[in-house]
Amino acid sequence: MSSEPIHVLGAGLSGLAAAAYLAKAGREVHVHEIRSDSGARFDGDFQGIENWTSGSDFFDEMRGWGFDPEQFKSDAFDVIDLVHPDDEVTQPRTSSVAFRVVERGTAEHCIDQGFKRMALEAGAQIHYDTRRSPEDCHIVAAGPKESSAVAFGEIFHTDHPNHVTFQLNDKLAPGAYSYLIVIDGIGLICTCLWRQQKRTSRYLNETIAWYEQHYELNRKPIKRVGGKGDFSMPDKYIHEGRYYVGEAGGLQDFMWGFGMRYAVTSGVLAAKAVLGECNYETEVRKGLVPLVRASAINRFLMNRVGNRGFKMVANHWMRDQRRKGDGLAFMRWLYKPGLMRRLLWPVVRLGMLRRKQLADGRVVSRMPFRKSLARDVWEPSPRAEEIGDEWDVIRRGGGRTSFGESDA
Ligand SMILES: Cc1cc2nc3c(=O)[nH]c(=O)nc-3n(C[C@H](O)[C@H](O)[C@H](O)COP(=O)(O)OP(=O)(O)OC[C@H]3O[C@@H](n4cnc5c(N)ncnc54)[C@H](O)[C@@H]3O)c2cc1C
């Protein structure tokens, strides 16, 4: 086995997972990160690690790879409030863990810092605030480049108990969904925009107004956060000998934006390939690409419907739960290949994805950020205007915005 040092670009989840695995196997590993710390791309927002795209619990998979999920804080959920577009609230539930909420950022208990600790303890060397050319790296784990969708959120103090709400609503979150997550006195309200908009803060203000009206939040804003997602499927996952992992490799859910599980899994697969334990291209195509493809087909269908279609989805989900006694069965079904999805795939490729050659020579099928629709323009409610004004005062007093309209 070669003993040359391995260079990884990006100290996010996928890069750190690869680095930790390789260093544990005794390889010299250098991770090059453009920002000053792992998790700095995010700013304390909550994200969910899904537990439905494989038959096994993701934390068990992580333990199998030698990672310790106790290295970061996580809160498991088996039930959520599902808000239909007409404001009906139902509760998908399961008897196992549906997903776990983790915090992204630079605080000790964040998942990014947990993976950083695991990589360092294994012996990897992480170089922050550095630039290195991707051509000089074996594994490229540098996250998104462009925007196919954006999310805007507000983090606040609250006395509401721990809770997650997922809302399908084409007005508050064009083409997508919003969510409320409360963990130990800190809340996040986030709206995801899958159609490009002007004056994006009005979507967040209106979404906050909606949640305030339906939940006793006693909200005290702290900061506003957000981020972008880049949805592109490359023709090849190994390019000029380099392994593309996580979001840099287009390994992300096109329907809901989930990417952490893909990031860690692909990081491990790339590390195994470097160690000669597997073929990265083959493993990614076998295990991850079918899921990403199914999610792209689901996204294509979601793009074709508005609130009426979302209502049908929510109703179908609840009917499925009544029949099978498990709310997670519907989520698993969404990722099953099946004949219908196989037939739809060529239509999705042609209709939703655009071929593009990237600066590094890779060719990807990219989902462009969709244009806004006439129905995306509406008058804000008086309460949403007040929420916007209140935030302006907080911002002027030092309230931070780590991702805004100009970053999208
Ligand atoms: C607002 C928002 C909410 C989300 N919610 C969820 C969720 O609930 N569940 C879920 O599973 N996923 C969610 N995602 C997606 C998830 O965050 C990503 O899929 C995941 O972080 C991808 O991991 P990664 O390692 O590929 O990239 P990252 O974790 O972003 O790491 C990439 C790293 O590379 C660094 N970098 C970038 N360019 C360079 C360069 N040129 N040189 C060196 N370093 C570089 C970055 O600074 C960063 O540290 C969300 C994303 C956003 C934006």
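**Ligand shell.** I first sorted the shell around the ligand by class and found 12 nonpolar, 15 polar and 6 charged residues. Here Ala, Val, Leu, Ile, Met, Phe, Trp, Tyr, Cys and Pro count as nonpolar, Asp, Glu, Lys and Arg as charged, and the others, Gly among them, as polar. The model is a predicted one, in which local features need pLDDT of at least 70 and side-chain atom pairs count only at pLDDT 80 or more, while totals for chains, interfaces and linings use all residues. Residue numbers start from 1 along each chain as its sequence is written.

I counted 33 residues around the ligand, the closest being Gly10, Gly12, Gly227, Gly246 and Gly259; a residue is near if its C-beta atom, placed from the backbone, lies within 6 Å. Helix H1 (13–24), strand E3 (45–50), strand E14 (220–229) and helix H5 (260–274) each give two or more residues to the shell. Helices (H or I, at least four residues) and strands (E, at least two) are DSSP runs, numbered from the N terminus. The largest share, 4 residues, comes from E14.

**Sheet.** I then traced an open sheet of 7 strands, ordered E6-E5-E11-E12-E13-E10-E14 with mixed pairing; two strands pair if DSSP finds at least two bridges between them. Strand E6 (89–90) and E14 each have a single partner strand, so one side of each is left without a neighbour in the sheet.

I looked up E5 (residues 81–83) and E11 (residues 163–168): the two run parallel, joined by 3 bridges. In this pairing Val83 stands opposite Gln167.
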